[in-house]
Amino acid sequence: MINNKNNLIWHILACLAFMALPAIISPHPPDPNYLLSGPIIRDFISNGLMLVFFYFNYYILIPKLYFNRLYVWYGLIIAAAFAIIIFVPSLLTGFNPFNSAPMSLRMPEMISNNMPRPERLIPRNEHRQVHEQNLTTFLTMVSHNILLLVSVILFSILLKTSDRLLTTEKAKHDAELGSLRNQIKPHFLFNTLNSIYAMAVRDKSSGTASSILKLSGLMRYVVSETGRQYVPLEKELAYLNDYVELQKIRLDKKVKFYYAVQGSPIGYKIAPLLLIPFIENAFKHGVNPDEDSQINISINVMDKTLDLIVENNKVKVLLDEHETSGRGILNAKERLSLLYPKKHLLTLNEDEYLYRVHLNLELS
């Protein structure tokens, strides 16, 4: 929410305006010191606590509890915040809505301390009436604070939900554009078309049409299918298979390569282009004909879960600047967090010789 200098300035101005509300909306008596009166000070304290709670709710409670459907814990913390913001400012400014029956309630204590019994006791029904009257007066005094606090909670949820949707869409579009760039940029097309040409010469045109169809399928999938939030898993796996088949064309025979898909994808859906960054990364960083190059990719679909393992030897490769940014993996991690909270486990391990990705994903 606060991601640049301009936003920070707007937040500071909004906070100052919010803190000034008690002075703006309260009636102005002729006394010039009305800003130091108990009710105004109480409202200042309440608004300050609300601001603290707004950011605490936005950055911690909503992402950790509300979005993870831990509604009981979220409700308990909201209730505690209500109690603190409503009662603490009044207690700090000298008004205790619960201290409304001084004599009859303290009689047992006075007798036990051998204190003289007062000549007149307040009847219990009068005590109850005084107590109820004090609470009614207190709720009238803080009714605008209660309404304001409810508005702060609802606004923070609405703002965070909207921000989450925007972030999800941005990560999705970044993944789509990244994959599209990888497939239409001259480097990729040049390598792929060169490989297709070499295969056509070597095999006397056998397989050329198939390779062109695969390349066309990749382009079509990125342009048309990824506009949806979720796609059938079989289409995503078909896209991965075409990508792998095209990459295999340019692999040297010295490169050890293993690719396997097990299980049935029928009936499941997945976010589009979610798996490709991990596989692309293996081909970008794991292929060098002059070194011991090896890539292992396995996908297993079983019991409503998808298990992806990608391994590649770490070899020396020359990459363009945009290919070394690691943005593809970061986008994939962001999308997993946003679209599959508590429904995935991603482990990235590497040492001096090997890079390994293991993703376990609960399918819908």
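**Close-up views of charged side chains**

Lys 248 is partly exposed, with a relative accessible area of 35% (buried is under 20%, exposed over 50% and partly exposed in between, with a 1.4 Å probe and protein chains only). The model is predicted: local features need pLDDT of at least 70 and side-chain atom pairs pLDDT 80 or more, while totals for chains, interfaces and linings use all residues. Residues are numbered from 1 along each chain as its sequence is written, and side-chain values use heavy atoms, without hydrogens and water.

**View A. Lys 248 pairs with Glu 245 in a salt bridge.** Their closest N and O atoms lie 3.6 Å apart (a salt bridge is a side-chain nitrogen of Lys or Arg within 4 Å of a carboxyl oxygen of Asp or Glu). Both residues belong to helix α9 (residues 233-249), three residues apart, about one turn of the helix. Glu 245 is partly exposed at 26% relative accessibility.

**View B. Arg 356 and Glu 311 form a salt bridge.** The N to O distance is 2.7 Å. This pair links distant parts of the chain, 45 residues apart: Arg 356 is in strand β7 (residues 354-362) and Glu 311 in strand β5 (residues 305-313). Helices (H or I, at least four residues) and strands (E, at least two) are DSSP runs, numbered from the N terminus. Arg 356 is partly exposed, at 27% relative accessibility.

**View C. Asp 43 and Arg 42 are joined by a salt bridge.** Their closest N and O atoms are 3.5 Å apart, and both residues are buried. The structure holds four salt bridges.
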